[in-house]
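Please walk through this protein with me, from a single helix position out to the cores, the charged pairs and a pair of packed helices.

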Amino acid sequence: MELSRIMIDSVHKSRKPRIIPLRLIFIVPFVLQIVGAVSLVGYLSYRSGQQAVEKLVDELMTETSNRIHQHLDHYLGNAQTINQMNLDAVKTGVLNLNDFQAVGKYFYHQQKVFNFTYVNFGSNDGGFIGAGKADAQGKILEISETLRSQPKQYRSYLVDDQGNRLQLVDTVIVDQNDSAWYTDAVKVGKPVWSSIYSWAVVSNIISISASAPVYDSQNNLLGVLGIDLNLNQISEFLKTLNPTSSGNIFIMERSGLMVASSADESPVYVVNGQGKQLAAINSSKPIIRDVTQKLIKQFGSLDAMATPQLLRLYFPQKTFVKVIPYRDQYGLDWLVVMTVPESDFMGKIQANTNMTVLLCLLTLVIATGVGIITSNLITAPIRQLSQASKAIADGKLSQVVEIKGIAELKTLADAFNEMALQLHTAFTTLENRVQERTLELAIAKEKAEAANQAKSTFIANMSHELRSPLNAILGFSQLMLRSPQLSPEHHESVGIIYRSGDYLLTLINNILDLSKLEAGKMTLNPSNFDLYQLLDDLEDMFSLRASNQGLNLIFQRCENLPRYICTDAIKLRQVLINLISNAIKFTQQGGISLTINHHTDSPDIFTLHFKLHDTGVGIAAAELPHLFHDFSQAQAGKESQEGTGLGLAISRKFVQLMGGDITVTSELGKGTTFAFDIPAQLGQKTHINSLEIHPQVLELAPGQPTYRILIVDDKPINRQLLIKLLTPLGFEIQEASNGQDAVTIWDEWQPHLIWMDMRMPIMDGYEATKYIKSTTKGHATAIIALTASVLEEEKAITLSAGCDDFLRKPFVEHLIFDTLAKHLGIKYIFAQTPTTTPDEVKPSILTPLDFSCMPQTWIAQLYAAALEANTKLVLELIQEIPETTITLRESLTKLAKQFKFEELVDLVEPIISNEF
């Protein structure tokens with residue numbers, strides 16, 4: 001039944017036309033008409049009210065702005081007019097500026113008539129006379145004076161109603177000639193508005209002054225006439241004009257500094273006793289601050305607003321904003337800004353809109369109810385049939401539909417009943433077959449997974465068991481190589497043991513890599529290596545085999561080919577070995593050529609192009625598409641009955657993993673060409689023999705404490721290796737064969753560092769590490785995991801258990817010393833190492849003619865030693881070669897160390913044959 005439901009669902013999903021219920025056809029059009037009509041009426045009503053509000057706001061703001069202009073023209077214009085009258089009085093002699101007593105009374109009466117803040121005159125020689133308000137509220141009038149004979153001595157006098165001085169109130173040090181009202185007029189040389197400034201004696205008052213310079217008949221400056229206007233009076237006027245309770249009016253300069261505001265905020269603040277204008281964008285009133293920022297953002301700067309602007313800006317609520325520039329002939333250039341929230345006018349309109357929405361919803365509910373009733377009268381029989389059809393589609397094939405009253409629907413119901421019976425029979429049979437097949441597949445899957453898991457476990461365990469003895473082989477061979485008492489021939493023998501063990505370790509790692517490739521877990525491991533050395537090794541490896549078959553093996557590399565590169569050297573080497581080996585195998589005459597080119601993609605990245613061509617039997621065109629499949633072989637491979645058909649498949653996966661791809665072209669009887677490109681980076685210079693690039697540790701540097709080292713391993717040979725390596729350097733060593741003993745020794749002895757094997761009986765390394773690290777004093781002990789496991793996840797597991805570091809077996813001695821230095825800060829004294837190694841000299845390819853410098857008896861001895869594969873005797877014979885023939889000595893030494901005795905025999909055999 002489940003299968004039938006899935007198949008029917010898939011059929012339904014594949015149908016593109018959308019099915020519309022009959023009920024919706026009756027209800028939706030009717031409802032849409034009503035909703036559309038009501039919505040349109042509501043929208044038109046709302047829009048009409050909104051336009052009316054916008055017009056009303058514009059008229060209100062225009063009226064308010066006109067009143068502000070009138071007030072500013074009157075308040076500011078009177079100051080300029082009276083100042084001009086005073087200037088005319090001076091020129092006609094009516095006003096004697098040298099008689100400060102008379103001038104003071106004259107200014108006093110002008111102030112009382114016109115309600116200016118201050119009327120004053122400052123002479124060019126430091127004198128000052130003025131009359132006006134002595135406090136911010138303007139309740140006290142005064143006359144102030146600075147005598148020419150006593151400049152900067154600013155005296156304030158209380159006066160009577162006639163302007164007569166009654167008493168001296170205060171004396172302060174003020175230089176009025178440094179004030180803006182004086183300096184701005186002198187600078188311009190004509191009547192002008194000064195910049196806004198704060199009073200020297202009352203710092204919380206900011207004023208603007210109508211200033212006019214006074215000159216004599218010779219155009220010499222006599223002083224400056226000024227009328228101060230307290231800008232707070234403009235703020236008080238603006239508060240009387242607020243069009244709404246939540247609206248704001250403020251005036252600011254083009255620089256954004258506040259002049260006046262209807263808000264409860266002073267446009268001046270005091271810093272260190274000196275008044276400063278408040279910047280609008282720093283206002284504590286959000287509406288003033290936000291409007292100013294919006295204007296600057298929209299127009300670029302406040303200077304760009306040359307004409308009146310009516311804007312609708314969006315803050316947390318919509319706000320109408322009107323900006324009117326205010327200018328006069330004396331240099332005044334302000335912006336008058338009015339703000340009115342839209343909500344102050346839209347309340348009733350919003351209420352009407354809400355009522356419209358409510359009526360629309362009520363109408364929608366009524367229309368829906370009427371539609372449902374109508375549709376039910378028509379669709380009830382059809383719905384019953386539809387439900388029965390859906391039940392059949394869901395797999396309930398035993399449904400029986402009974403419809404009375406409508407003949408056509410009854411016929412349709414009978415047809416459905418017959419169909420359900422037939423489907424029930426068919427799907428029951430099919431489901432039984434599917435269940436059987438599913439069970440078979442599940443069993444097969446379990447077997448495959450079990451086999452794959454068994455293979456992985458076998459390879460991992462095999463690797464673990466092989467790496468453990470290799471750890472002893474490589475470790476003890478390193479210890480022996482450190483011994484100065486070792487004879488040269490024994491030193492060479494131990495070196496052979498070490499290199500052979502290292503090669504065996506490489507083979508084990510390669511097997512694991514192939515296993516990972518099959519499981520899809522292979523990763524790229526780029527490293528720095530010598531490309532020239534890799535190619536030379538391959539050429540040496542295959543040259544003898546090729547010559548034995550009478551083939552020419554040619555390696556060609558382009559000029560400027562980078563020598564030291566960074567990519568996966570092991571995979572690149574394996575690919576080239578597979579391709580060259582196949583080429584030699586299937587080529588009977590002619591030769592094989594490997595060409596290496598490169599092109600630069602960036603300063604550090606380039607692409608290597610490898611092209612291998614042979615003159616072998618070739619591959620048929622029909623076989624080329626399947627050439628790189630697993631276990632696939634061309635006809636020549638099948639006839640030779642050699643190989644598994646995995647070499648090319650593995651090679652292609654390696655190349656793809658390195659970022660490239662491999663291609664092949666071939667023609668039967670003419671040969672085959674393989675080509676692949678891989679990206680690479682410029683690498684660092686590397687050394688081949690890892691024993692030679694790390695200096696030998698002789699002893700610990702003086703002045704260090706005695707370190708306690710605990711070695712934990714269930715295999716005595718592994719513990720013995722570390723003991724022999726570390727004891728001569730002066731470490732205190734203790735050992736344990738399981739985790740339980742290790743915890744006991746650690747608790748009593750408290751070592752500085754523990755070398756911990758992870759797989760041990762009784763208590764393994766994981767449990768022991770967790771126990772130690774769970775204690776407070778356990779954090780003072782460094783624990784280094786030593787394991788022969790090859791699983792990549794093993795490192796993460798050991799580190800999560802609490803280990804401070806991780807090393808794999810087999811290890812090389814320099815890693816042991818480096819790890820100790822890393823975690824304990826140990827310093828060593830090292831042996832001197834030569835700057836170069838013989839391996840850095842690339843030996844030339846030898847020919848029988850190169851042996852012409854040696855006697856026949858020596859050649860015969862070399863031939864016999866090579867036939868017996870006696871490395872010791874061959875190396876002793878090489879020492880008899882004259883030092884002047886360095887190429888022959890180094891080339892033969894390399895062949896002997898690499899156990900290439902067959903190549904030695906091939907070189908010497910022609911000479912022996914000619915002798916006999």
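With a relative accessibility of 3%, Ala367 counts as buried, where buried means under 20% relative accessible area, exposed means over 50%, and partly exposed lies in between, computed with a 1.4 Å probe on protein chains only. Ala367 lies in helix H7, residues 343-393; helices here are DSSP runs of H or I with at least four residues, strands are runs of E with at least two, and both are numbered from the N terminus. The C-alpha atoms of Ala367 and Leu32 are separated by 9.5 Å, although the two residues are 335 residues apart along the chain.

This is a predicted model, in which local features need pLDDT of at least 70 and side-chain atom pairs count only at pLDDT 80 or more, while totals for chains, interfaces and linings use all residues. Residues are numbered from 1 along each chain as its sequence is written, and side-chain values use heavy atoms, with hydrogens and water left out.

Taken as a whole, the protein has 23 helices and 30 strands, and 43% of its 916 residues are buried. Among contacts (heavy atoms within 4.5 Å) between residues at least 6 apart in sequence, 62% join residues at least 24 apart.

The nonpolar cores come next, a core being a set of buried Ala, Val, Leu, Ile, Met, Phe, Trp, Tyr and Cys residues joined through side-chain atoms within 4.5 Å. The largest one has 53 residues, of which Ile68, Leu76, Phe107, Leu229, Ile234 and Trp334 touch the most other members. Helix H2, residues 22-92, gives the most to this core, with twelve residues. Which residues is Phe107 in contact with, leaving aside its neighbours within four places in sequence? The list consists of Asn86, Leu95, Val119, Asn120, Phe121, Ile129, Gly130, Ala131 and Leu225.

Side chains of opposite charge can pair when their charged atoms come close. With a salt bridge taken as a side-chain nitrogen of Lys or Arg within 4 Å of a carboxyl oxygen of Asp or Glu, a search of the whole structure finds 19 salt bridges. In one of them, Arg327 pairs with Asp333, with the closest N and O atoms 3.4 Å apart; Arg327 is partly exposed, at a relative accessible area of 44%, and Asp333 is partly exposed at 28%.

A further salt bridge joins Arg557 to Asp536, where the closest N and O atoms are 3.0 Å apart. This pair links distant parts of the chain, since Arg557 sits in strand S18 (residues 552-557) and Asp536 in helix H10 (residues 531-548), 21 residues apart. Arg557 is partly exposed at 33% relative accessibility, whereas Asp536 is buried at 6%.

Lys809 and Asp757 also form a salt bridge, their closest N and O atoms being 3.5 Å apart. Here too distant parts of the chain are linked: Lys809 belongs to the loop between S29 and helix H19 (813-824), and Asp757 to strand S27 (residues 753-757), 52 residues apart. Lys809 is buried, with a relative accessible area of 3%, and Asp757 is buried at 5% relative accessibility. Elsewhere, Glu236, Lys239 and Asp264 are linked in a network of salt bridges.

The loop between S27 and H17 holds Arg759, which is partly exposed with a relative accessible area of 40%.

Two packed helices are described by the angle between their axes and the distance between the axes. Helix H17 (residues 765-773) and helix H18 (residues 793-801) pack at an angle of about 30°, with their axes 8 Å apart; axes are lines fitted to C-alpha atoms, for helices over the stretch in contact, and angles run from 0 to 180 degrees between N-to-C directions. At this contact, Tyr766, Thr769 and Lys770 in H17 meet Glu794, Ile797, Thr798 and Ala801 in H18.

Within H18, the buried residues are Glu794, Thr798 and Ala801. Seen down the axis of H18, these buried residues fall within an arc of 60°, so they line one face of the helix, the arc being that of the directions from the helix axis to the C-beta atoms. They pack against H17, strand S28 (782-787) and strand S29 (805-808), while on the other side of H18, Ala796 and Ser800 are exposed. Just after H18, Gly802 takes a positive phi of about 120°.
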